[in-house]
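Student: Hi! Could we go through this structure together, one topic at a time?
Tutor: Happy to. Let's bring it up and start with the charged side chains.

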Amino acid sequence: MAGSRGDTVIKTIMDQGISGSSGNTTINVITNHDFSQGQHSWHANGCSFSVVSAESGHKAFLTKRGGYYAVVSNRTESWQGLEQDITSIVSPGSTYYVTAYVGVSGNIQGTTDVQATLRVEYRNSPTDYLFIGRISLSKERWEKLEGKFSLPKKPDRVLFYLEGPSPAVDLLVQSVVITSSPPSEFYETSYQKVTSYQKETSNYQFVDTGYGEGNIMANPKFEDGLNKWSGRGCKLVLHESLACGKIVPLFGKVFACATERTQSWNGIEQEITGKVQAKVAYEAIAVVRIFGNNVSSADVRVTLCVQTTDLREEYIGIAKLALFPSNNFHT
């Protein structure tokens with residue numbers, strides 16, 4: 001994910017939630033809200049969809065630098081669109097606020113509607129379709145669709161989806177946020193947290209920012225060489241630059257390179273035993289990129305390897321980011 005550190009933190013806030021001044025956590029119901037993880041958690045409803053980057057997509061639909069959006073195509077009915085299952089996250093009795101940035105592209109005469117809908121399924125009952133909000137769009141511009149919904153009782157399944165343009169018109173989705181607090185409150189709290197984060201982590205000084213008690217990683221900027229770091233099935237090398245000076249550190253004087261990799265799980269690791277506690281939430285932030293010949297794109301994953309008392313190893317996925325060789329360092 002490219003862009004400023006503020007963009008990165010906003011993404012974390014929207015996908016995983018933040019703690020507001022009251023101590024309550026504001027959660028975005030939608031996973032992968034800005035498609036920075038590709039198609040993860042999203043599904044096409046009776047049609048097909050792809051995720052494109054701002055640089056390679058429709059020229060008229062600009063997003064933040066390094067941003068992505070979904071293109072829903074091959075639509076033959078107006079109800080066909082994009083959906084996500086939110087069954088396990090929403091609760092009855094709560095009011096949820098929806099904000100989606102959407103667009104349309106294709107042979108459009110005048111305007112066409114895009115609608116947000118909730119499909120609710122109860123056992124032994126007909127499926128309910130709850131209207132959330134609708135907006136009339138002209139082509140090649142982003143517009144904000146807003147609405148809200150509440151569930152009277154716990155359903156067996158809940159699907160949020162976007163639908164509505166005329167058949168053969170592509171539906172474009174830049175981002176979706178669903179929270180249990182009004183959008184103004186959610187974004188205001190997000191902005192305050194981002195501003196605080198940027199001030200306190202300028203030049204990447206790892207201090208207490210409210211995200212935990214400091215950084216548990218030793219030698220995070222490789223100022224002490226590769227001390228405390230090791231290659232997992234591969235070789236680690238420090239570089240001041242690569243590719244004839246085109247690749248340089250985002251900060252500091254050097255960066256680490258995991259090279260001579262033969263398996264997708266080969267990479268860089270550090271043992272943090274004794275530094276983490278049970279039932280405490282930790283936030284992981286890493287600045288990464290890829291480099292190599294004949295590589296169009298690749299996923300970079302952050303994983304926790306946990307060894308149990310019976311010496312079995314369990315692997316916990318923390319995050320995944322799709323990268324391209326032409327991209328700069330991403331967070």
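Tutor: Arg123 and Asp156 form a salt bridge through their side chains, with N and O 3.5 Å apart. Arg123 sits in the loop between S8 and strand S9 (128–137), and Asp156 in the loop between strand S10 (143–150) and S11, so this pair ties together parts that are 33 residues apart in sequence. Keep in mind that this is a predicted model.

Student: Noted. Is Arg123 buried or exposed?
Tutor: Arg123 is exposed, at 64% relative accessibility.

Student: What are Glu121 and Arg157 linked in?
Tutor: A network of salt bridges links Glu121 and Arg157 with Asp85 and Arg119. Arg157 itself is partly exposed, with 34% relative accessibility.

Student: And what does Lys144 form a salt bridge with?
Tutor: Its partner is Glu146, and the closest N and O atoms are 3.8 Å apart. Lys144 is partly exposed at 38% relative accessible area, and Glu146 is partly exposed too, at 44%.

Student: Changing topic: what sits over the ring of Tyr122?
Tutor: That would be the charged end of Lys153, 4.7 Å from the ring centre.

Student: While we're on rings, how many aromatic pairs does the structure hold?
Tutor: There are 4 aromatic pairs. Among them is Phe222 with Trp229: the ring centres are 5.4 Å apart and the planes meet at 40°, so the pair is tilted.

Student: Why tilted?
Tutor: Planes under 30 degrees apart would count as stacked and those over 60 as edge-to-face, with the rest called tilted. The 40° between the planes of Phe222 and Trp229 therefore makes the pair tilted.

Student: Are those two buried or exposed?
Tutor: Phe222 and Trp229 are both buried.

Student: OK, cysteines. How many disulfides does a search of the whole structure find?
Tutor: The search finds 0 disulfides.

Student: How accessible are Cys234 and Cys305, then?
Tutor: Cys234 is buried, at 18% relative accessibility. Cys305 is partly exposed, at 36%.

Student: On to the surface. Which residues form the nonpolar patch?
Tutor: Val302, Leu304, Ile316 and Ile318 form it, and together they have about 280 Å² of accessible area.

Student: Which strands supply it?
Tutor: Strand S17 (298–307) and strand S18 (313–323) each supply at least two of the patch residues. Ile316, for instance, lies in strand S18, and Ile316 is partly exposed with a relative accessible area of 42%.

Student: Where is Asn32 found?
Tutor: Look in the loop between strand S2 (25–26) and strand S3 (43–45). Asn32 is buried, with 0% relative accessibility.

Student: And what about the phi of Asn74?
Tutor: Asn74 also has a positive phi, near 55°. Asn74 is in the loop between S5 and strand S6 (81–85), and is exposed, with a relative accessible area of 58%.

Student: Last one: where does Ala54 lie?
Tutor: Ala54 is in the loop between strand S4 (48–53) and strand S5 (68–73). Ala54 counts as buried at 16% relative accessibility. Its C-alpha is 7.4 Å from that of Tyr69, which is 15 residues away along the chain.

Student: Great, thanks for the tour!

Methods
Residues numbered from 1 in each chain as written. Predicted model: local features only at pLDDT ≥ 70, side-chain atom pairs only at ≥ 80, totals over all residues. Heavy atoms only, no water. Disulfide = S-S within 2.5 Å. Buried < 20%, exposed > 50% of the residue type's maximum accessible area, 1.4 Å probe, protein only. Phe/Tyr/Trp six-rings, centres within 6.5 Å; stacked < 30°, edge-to-face > 60°. Lys NZ or Arg CZ within 6 Å of the ring centre and 35° of its normal. Patch = residues over 30% accessible without salt bridge, like charges linked within 9 Å, V, L, I, M, F, W, Y side chains within 5 Å. Areas by Shrake-Rupley, 256 points an atom, 1.4 Å probe, with all protein chains shown as cover. Salt bridge = Lys/Arg side-chain N within 4 Å of Asp/Glu carboxyl O. Helix = DSSP H or I, 4+ residues; strand = E, 2+ residues; numbered from the N terminus.
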